[in-house]
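The sequence and structure follow.

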Amino acid sequence: MAIAAAALTLLACGRGDREAGSDAGEDAGVQTNTAAPTFASPTLAAIKRRGRLNCGVHEGLVGFAYTDNRGQWRGFDADFCRALAAAVLGDADAVRFVPLTSSQRFEALRSGRVDVLWRSTSWTLSREAQEGVRFAGINYYDGQGFLVRRSLDLASAAELNGARICVQRASTSELNVADWFRSRGLEYTPVIAANEEAARAAYGREDCDALSADISALAAARTTLSNPEQHAVLPDVISKEPLGPAVKRGDEAWTSIVRWTLNAVILAEELGVTRENVDQLAEDSRDPRIRRLLGTEGDFGPLMGLRRDWARLAIEAEGNYGEIFARNVGAESSLDLTRGLNAQWNATPGGLIYALPIR
């Protein structure tokens, strides 16, 4: 019995060795590449050859993208286009603004007519799955609401039962209105307009009782009416509208460049880096987070094919997130929108704006 037990033990050991050897042989025959993929962006290469960033924007939305009386593009989205141009080309003015309708915007990306779309566009599953685009982040948390005449004396959107609602055709706004009324068992008559401008005009002519769109767009629309004080945005928010930059699917490196440029501007506000003090902090700051952000420590820009001071250039050009918000849509603007959800995560009260770490 002792001899038999020893024989079985030896057999088991031998079988284990053979099985291990077989696995090792199979593994050895498989060619694996564990090296990190090269960070190369065809879009960035094309922009550098061209010497200009092509940025798709709204045709005209006060506070976000519009031309002033000198024909210069202004607004929240326009400033982010310039910050991106500064980051990738070192020149905030090296940008061509391409005004696009809602029906043109995604095709303009797919065809390469624009490099990035910064046009008050909501990030949704169907858009990423069907439109051939990728969203690089969120720069404005919005929601849909209703603009009404004060003379109607309404306190809530629930009082709009049976009302005529102006809304843009083939938009998330049109779908959200239908969902909201249906879920509450309320009736309404849709007044469908071809685009935002037509919807605003229809409301101005009193073809409808309420205009429904993103609250930021309603605030902009209100400023264009002959008597803005006679109109009010109802307190109801009927949807979530995360707005942000979109790029063409297939260039992951370019998606990252847009994402991290947006993130750098957000991080600058969190760390107290402004348009005014960025140069001083680049020279004097001992905070490693600021030093990494401004390119005085580490090589984070070159990792993406950019200069070491790519983020510093973006901040010098347009300021941090809070500065961009204040002058275009916040307290320093005609819209005078509160930060709300667009406050920094560590503010009081806190919002949803949260910077990813650069390290």
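**Basis**

Helices (H or I, at least four residues) and strands (E, at least two) are DSSP runs, numbered from the N terminus. The model is predicted: local features need pLDDT of at least 70, side-chain atom pairs count only at pLDDT 80 or more, and totals for chains, interfaces and linings use all residues. Residues are numbered from 1 along each chain as its sequence is written, and side-chain values use heavy atoms, without hydrogens and water.

An open sheet of five strands has the order 10-9-11-8-12, with mixed pairing; two strands pair if DSSP finds at least two bridges between them. Strand 10 (188-193) and strand 12 (231-233) are the edges, each pairing on one side only. On average, neighbouring strands are turned by 30° against each other, direction ignored; axes are lines fitted to C-alpha atoms, for helices over the stretch in contact, and angles run from 0 to 180 degrees between N-to-C directions.

Three antiparallel bridges join strand 8 (residues 144-149) to strand 12. Ala232 in strand 12 is the bridge partner of Val148.

**Packed helices**

Helix 6 (residues 172-183) packs on the sheet and touches strand 8, strand 9 (163-168), strand 10 and strand 11 (210-214); contact means heavy atoms within 4.5 Å. The direction of helix 6 makes about 85° with that of strand 8. Helix 7 (residues 196-204) also packs there, touching strands 8, 9, 10, 11 and 12, and its direction makes about 155° with that of strand 9.

**Segment after helix 14**

Tyr354 lies in the segment after helix 14 (321-328). Tyr354 counts as exposed because its relative accessibility is 52%, the cut-off for exposed being over 50% (1.4 Å probe, protein chains only).

Definitions and conventions
Buried < 20%, exposed > 50% of the residue type's maximum accessible area, 1.4 Å probe, protein only.
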